[in-house]
Amino acid sequence: MADPSGTPTFRNLAGTGSDTTQGVLNALANDITIGGVKQIGSYDAATAPGQTISTKSAAACTNITRPSGSDAGIKALAADRLANTHCLQFARSSSDNHTDHSGDHLTYIPFATDAVSYATLDTSNINRNLTVAQLQQIYNCTVTTGFTPLLPQFNSGTRKFFLQNILGFTDSSDYTTLHPCVSDKDPTSPANPLLENTGNKLTTTTQIEPYSVSSWIAQTAKAVTDVHGKTLLGNIGGINSLTLNSAATGTRPVFNVVPNVLVQSGPNSKAVFVGPSSMVCTDTATINRLGFATRSDCGSTAIQTDSSAGSDTV
């Protein structure tokens with residue numbers, strides 16, 4: 001786990017959540033300082049059940065469950081702020097699901113652009129220029145011959161974006177039950193969920209899985225731990241997956257989700273996350289090096305679950 005280390009280990013702004021953006025947040029965490037002190041404590045997503053993290057010295061923040069995936073991180077953040085334990089100050093998210101968290105007093109702050117495509121083994125005969133309609137047939141089990149469709153675990157932002165925003169389906173925890181040709185289990189260890197953006201888990205030439213383009217770029221460039229295995233990315237609708245442009249079907253913003261109260265009155269969080277001149281938004285070299293494209297609305301606070309700070313305190 002690439003969790004915070006050094007002195008002090010516990011940092012002002014602790015966050016968990018998305019696998020897709022953990023690499024870039026880990027890199028940003030090493031760059032961003034206030035008064036010479038690193039501010040961001042970005043904790044990697046869980047890779048197996050039962051894993052824990054400690055984000056502060058307080059007892060309530062010791063050995064807490066390590067979230068895995070965007071929505072799990074957001075739920076953990078909302079629960080922490082409701083409990084007023086202040087163990088977490090942000091969550092990484094690769095999807096905009098703010099309407100699912102109405103009343104949680106959160107702001108979704110975009111900071112980079114990613115895209116989602118699909119990956120197969122380099123020896124696969126699966127067409128690397130599938131259309132959205134063809135992917136729909138594969139993932140609703142209309143076409144099964146020659147395909148073994150895989151999904152990351154439920155709570156994955158990449159899974160939700162792929163199903164809902166690209167294919168137009170509804171994600172749910174029982175999606176694979178309703179669509180039995182699809183699996184969200186790790187093919188190399190079927191008792192465990194499949195983690196997103198782990199191409200090294202593919203074992204047969206019929207397997208296909210959604211994949212973050214930025215993760216694939218960063219992995220193959222060795223900017224993060226390389227788990228792409230022997231996969232290649234496909235192109236949806238004939239548009240080059242490795243070009244993050246607005247015409248790509250799977251282009252999406254990625255977010256740092258911050259409690260409204262910290263957006264409004266948290267001096268460190270505002271300096272780090274909020275506005276185009278924030279420390280995250282101005283570190284464009286790191287954002288690009290980790291495979292993401294920059295955004296003109298980086299640091300925007302326009303997307304909120306609601307406008308209230310709630311009963312929370314800074």
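How much accessible surface does the protein chain have, and what share of it belongs to carbon and sulfur atoms? The accessible surface comes to about 12300 Å², of which 51% belongs to carbon and sulfur atoms, the areas being computed by the Shrake-Rupley method with a 1.4 Å probe and, for residues, with only the protein chains shown counting as cover. The model is predicted, so that local features need pLDDT of at least 70 and side-chain atom pairs count only at pLDDT 80 or more, while totals for chains, interfaces and linings use all residues. Residues are numbered from 1 along each chain as its sequence is written, and side-chain values use heavy atoms, with hydrogens and water left out.

**View 1. The whole protein chain.** The protein chain holds 10 helices and 15 strands, which are DSSP runs numbered from the N terminus (helices H or I, at least four residues; strands E, at least two). Along its principal axes, the C-alpha trace spans about 55 × 35 × 35 Å. Of the 314 residues, 52% count as buried, a word that means under 20% relative accessible area.

View 2. Glu196 is found in the loop between strand 11 and strand 12. Glu196 is buried yet has no salt bridge, and the nearest side chain of opposite charge, that of Arg252, is 5.9 Å away; a salt bridge would need a side-chain nitrogen of Lys or Arg within 4 Å of a carboxyl oxygen of Asp or Glu. Here Lys and Arg count as positive and Asp and Glu as negative, whereas His and the chain ends are not counted. A polar contact of 2.8 Å joins the side chains of Glu196 and Thr20, and a polar atom of the Glu196 side chain lies 3.4 Å from the backbone nitrogen of Asp19. A polar contact is a pair of N or O atoms within 3.5 Å; within protein, one must be able to donate a hydrogen and the other to accept it, and residues adjacent in sequence count only if both atoms are side-chain atoms.

**View 3. Asn197, in the loop between strand 11 (189-193) and strand 12 (207-212)**. Phi of Asn197 is near 60 degrees, a positive value in a residue other than glycine. Most residues other than glycine have a negative phi. Asn197 is buried, with a relative accessible area of 3%.

**View 4. Asn155, in the loop between strand 9 (148-149) and helix 4 (157-166)**. Although Asn155 is not a glycine, its phi is positive, at about 90 degrees.

Terms used. Buried < 20%, exposed > 50% of the residue type's maximum accessible area, 1.4 Å probe, protein only.
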